[in-house]
Amino acid sequence: MGFLLAANGLLVLYIAINLFKLYYGDDWGGLFEAITGYGLGGSSMALFGRVGGGIYTKAADVGADLVGKVERNIPEDDPRNPAVIADNVGDNVGDIAGMGSDLFGSYAESSCAALVVASISSFGINHELTPMLYPLIISSVGIIVCLITTLFATDFFEIKAVKEIEPSLKRQLIISTVLMTIGIGIVSWVALPSSFTIFNFGDQKAVKNWQLFLCVAVGLWAGLIIGFVTEYYTSNAYSPVQDVADSCRTGAATNVIFGLALGYKSCIIPIFAIAISIFVSFSFAAMYGIAVAALGMLSTIATGLAIDAYGPISDNAGGIAEMAGMSHRIRERTDALDAAGNTTAAIGKGFAIGSAALVSLALFGAFVSRAAISTVDVLTPKVFIGLLVGAMLPYWFSAMTMKSVGSAALKMVEEVRRQFNTIPGLMEGTAKPDYATCVKISTDASIKEMIPPGALVMLTPLIVGIFFGVETLSGVLAGSLVSGVQIAISASNTGGAWDNAKKYIEAGASEHARTLGPKGSEPHKAAVIGDTIGDPLKDTSGPSLNILIKLMAVESL
């Protein structure tokens, strides 16, 4: 999946550039402005994948958990549960399709933002093709690097024990980042002239090739840092999640309070990482620097997506094992894979959010460059009201997605209860439940409930830009970027921590976990409630905000 996405994204973009060249000829400014449509297409598709998929998967998940685990005390993925098929399909829809389209959107947009700025810099003015396509060259080196990295997990070091799974997946990230740094160095030295100029708000800024190398590298390493901080806050191997699990002793309320605090706290280091990479890349190469920093973060996308898709795949395998009534040992193995996959999925979400922030800023820069606004002054009332309204949009958007999940889950719970109460022999396992109705509820809900949040994202730039002008729109973009990133990080990590706190208690791997467990104890019930609240946070509201901040920026452009 990882390689398909990286390679397809690159191939189609390259073909598109060459086809458009037939029409535009030497007008490179117009050519690369037209190419930004590629990013818009990728992101609007991601809106459906992320928001629709998130609502689909969580309606099924929350519905299945509330009736199955809490009321009826049957295990997860039990075939007697009518919502179990919808839940397993949902893993695919939300985590695989959603994540893939989201990262592809970021990838397409950061390439487009870099190309737009480059087309009005010395590369574009002098028609130098190789340095002009520098963003695409970075991505292609990334594919080769990820191919080599994959061999480390499959061929050089084989995995023999359960406890080696997670370290080996994390090693993938580190190896790909180190190799990629070397790869970028070589490419910057070969493909770029030793000095050139980059468009910077109306004037040209002289830049050296090693400065551009540092821009890409700083984005790449910031991505790694964000990934590992996310992992520290959401993996049950470390103290933050263990504290949340411990707070379940006194019930669900303390669990919720601790989880929220953890999510807010987990914003600190990622925001500093993003801030430093913005500062470094902007001071070296203006807005072009930020665009290539975003590309740097996404250059190891093949590895990042592979370890991200790992979670849902092993989750589904576990579901199939449970439904087919296979032996206990198989379920234990898939659970071990799934626990590692959960953490790596959190790393993937961290990457997606961090890259979305940089991409959105790069698109914002491309928008300001093309709209010929030289400065965005916060003290003018036009811009300031834009900032305020923009900062409110992520909250409005989250309210819509959370409520959609809630109401869809409500329908699902009623349907599952109705089946348990009216189908004779369902609990005993002699009769089969009606899975299709539950799938239909999820499908209908996700398609219907996607329209209002989608309309909010698509219409805001149009309405603001037409009625209030570009200055106000630049305020709205800045505001939504600044507040959206915070909510996205905290929501994703809170949900991930609650999920893993519950898994920590269930697994009973340490002395501390055994004092809280086993399944069905009071602390475990509190943990399940936290996990259910966290589901829409970590899989619907949090990740969808990436789409909000990127899509508004690319549409403005």
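1. Basis. The model is predicted; local features need pLDDT of at least 70, side-chain atom pairs count only at pLDDT 80 or more, and totals for chains, interfaces and linings use all residues. Residues are numbered from 1 along each chain as its sequence is written, and side-chain values use heavy atoms, with hydrogens and water left out.

2. Arg 50. This residue sits in helix α2, residues 28-71. Helices here are DSSP runs (H or I, at least four residues), numbered from the N terminus. Arg 50 is buried, at a relative accessible area of 3%. Buried means under 20% relative accessible area, exposed over 50%, and partly exposed in between (1.4 Å probe, protein chains only).

3. α16 spans residues 451-468, 18 residues in total. From first C-alpha to last it reaches 25 Å, close to the expected 26 Å. The expected span is 1.5 Å times one less than the number of residues. α16 bends by about 35° at Leu 459, and Pro 461 follows within four residues. The bend is the angle between axes fitted to the seven residues ending at a residue and the seven starting there. After α16 comes Gly 469, with a positive phi near 90°.

4. Aromatic pairs. The count is 9. Rings of Phe, Tyr and Trp (its six-membered ring) pair if their centres lie within 6.5 Å; planes under 30 degrees apart are stacked, over 60 edge-to-face, and the rest tilted. Trp 210 and Phe 284 have ring centres 5.9 Å apart and planes at 75°, so this pair is edge-to-face. Trp 210 lies in α8 (residues 209-234) and Phe 284 in α11 (residues 268-298), so the pair ties together parts 74 residues apart in sequence. Trp 210 is partly exposed, with a relative accessible area of 48%.

5. Tyr 232 and Tyr 238 form a tilted pair, 5.3 Å centre to centre with 50° between the planes. Tyr 232 is partly exposed at 34% relative accessible area. Tyr 238 is partly exposed at 29%. Phe 20, Tyr 23 and Tyr 24 form one aromatic cluster.

Technical notes:
Helices (H or I, at least four residues) and strands (E, at least two) are DSSP runs, numbered from the N terminus.
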